[in-house]
Protein chains: 2
Amino acid sequence: MPEPTAGPPPQSNPPPRSDARAEQRRRTQARILAAATELFVATGYERTTIRAVAQAAGVDAGLVMHYFGSKQALFEQVTRGGQLPPAPSGTPDQVTEQVLAQLAGSLETEPVHSLALLRSMLTNPEAAQAMGEGSLRYRNQLAEAIDAPDADLRAALIIAIIVGVVVDRHLLKFGILDTTNPAKIIAVLRPALLTLTTPPSPPPP
Amino acid sequence: MPEPTAGPPPQSNPPPRSDARAEQRRRTQARILAAATELFVATGYERTTIRAVAQAAGVDAGLVMHYFGSKQALFEQVTRGGQLPPAPSGTPDQVTEQVLAQLAGSLETEPVHSLALLRSMLTNPEAAQAMGEGSLRYRNQLAEAIDAPDADLRAALIIAIIVGVVVDRHLLKFGILDTTNPAKIIAVLRPALLTLTTPPSPPPP
DNA sequence: CTCTTCGTTCAACGGTCGTTGATTGAACAA
DNA sequence: TTGTTCAATCAACGACCGTTGAACGAAGAG
């Protein structure tokens, strides 16, 4: 049975009992997980190699398999724990500010789970599905907070914008967006998002 | 020398002389190119296999190599010919309309060159560079047409938005954006883009 | 018809991948 | 000390990849 010897590091709690071997084991698992995360974020699922992860962690490739079972399981372990942003609510201005605050955080330091998923979503079906499910849930929450006829469409556009900006800044790094102060980006983006969260004013007769 | 026997199909001009063999050859090259395009768009560079392209074209894998030299060259052949949108100019409203018109076209039927590039840009360095260069050129043109202090940033954001929306619609297909009438998307997006192309009004004292 | 050209197939190469099972050696238990 | 546990290494497997060069067979040239 190639079953992993134990459930990989349960988040991050201090070992209840002091065991020299168990702690060494946790250390190594953590090193592997860190190396895998870095590589998945940097090059995506397809180009990331179990052997490369092992080498980056200073470990044999077989050990990676022994601890995580498979490459796919390792990837899921890396991308697990990404939690949805809190559901926005309130007036259009309040919703906008909550979305912008969330985006500001993502521009400052986007969590590695999301980056690994974002990097791989265009080429890896599992990553695409994971992103899709998260996107759907957040879109529903967002649409519920938008009081406009095309709430779903507006929510989808907001998400597309966020994804586009985050991908540009953290992954593609085409320029400007990856070096500009997040506050400035937010400031320029605010009026644009406001038009999406605010119901259109009926044209004057 | 593994050099391709001839420069692959030079765009699309009618064969100057009628040669039964030459025409059969062109047909096969075109079939290979079509199959390669479809696979590159659907699954990206890494997951697309020379063997799979050959099979989809009803041909041996060696023939693909013989005609296109290498997988990378085949990919470049597929993504070649993507031309930049015309540089926008005029008043902010005019610039917005030109950008929106361009986006509308991309929502209706985005050219396969761009889709192949978009699909692979997150995992393939060459694709990323090609996209980056195109993005940079268009961003400069766009920034020149925007009369605002942060023209570069605004142009970059517009491009990020366009990329986000097009990727969502044609590649990720997370929902709504891929089934909604382009005109409707444009209508909802217009006010948002307008805030990016229009210089901010100074706050009243 | 003979010879050449060339579109196409075929078999194989070297390499890398994910994955596996046996093995080693140090930490623990007795 | 002796025996057990287990983190970690090692060598190898089968599969698949991009790529190559020889070989075949039908279309053109003479």
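Which residues are exposed on the other side of H5(B)?

A: In this predicted model, Asp93(B), Glu108(B) and Thr109(B) are the exposed residues on that other side of H5(B). The helix itself covers residues 92–109 of chain B, which makes 18 residues.

Now the buried side. The buried residues of H5(B) are Val95(B), Thr96(B), Val99(B), Leu103(B), Ser106(B) and Leu107(B). Seen down the axis of H5(B), these buried residues fall within an arc of 110 degrees, so they line one face of the helix. The partners of the buried face belong to chain B: the buried residues of H5(B) pack against helix H7 (125–145), helix H8 (151–172) and helix H9 (182–197).

Ala36(A) lies in helix H1 of chain A. Ala36(A) counts as buried because it has 25 C-beta neighbours inside 10 Å, and the cut-off for that word is 20 or more. Leaving aside neighbours within four places in sequence, Ala36(A) is in contact with Val53(A), Leu74(A) and Val78(A). Ala36(A) and Ala56(A) are 20 residues apart in sequence, but their C-alpha atoms are 8.3 Å apart in space.

H1(A) supplies four residues, the largest share of the surface near DNA strand D. Other helices that each supply at least two residues to this surface include helix H3 (61–68) of chain A and helix H2 (50–56) of chain B. In total, 22 residues surround DNA strand D, and the closest are Thr28(A), Asp60(A), Gly62(A), Ala20(B) and Gly62(B). By class, this surface has seven nonpolar, eight polar and seven charged residues.

Last comes the relation between the two chains. A rotation of 180 degrees, with 0.0 Å of shift along its axis, superposes chain B on chain A with an RMSD of 0.0 Å. That is the relation of a two-fold axis. Of the interface residues of chain B, 100% are also interface residues in chain A, so the copies meet through the same surface.

Terms used:
Residues numbered from 1 in each chain as written. Chains lettered and ligands numbered in written order. Predicted model: local features only at pLDDT ≥ 70, side-chain atom pairs only at ≥ 80, totals over all residues. Least-squares fit on C-alpha atoms with pLDDT ≥ 70 in both. Contact = placed C-beta atoms within 7 Å. Near = placed C-beta within 6 Å. Nonpolar A, V, L, I, M, F, W, Y, C, P; charged D, E, K, R; others polar. Expected span 1.5 Å × (residues − 1). Buried ≥ 20, exposed ≤ 12 C-beta atoms within 10 Å, placed from the backbone. Arc of directions from axis to C-beta.
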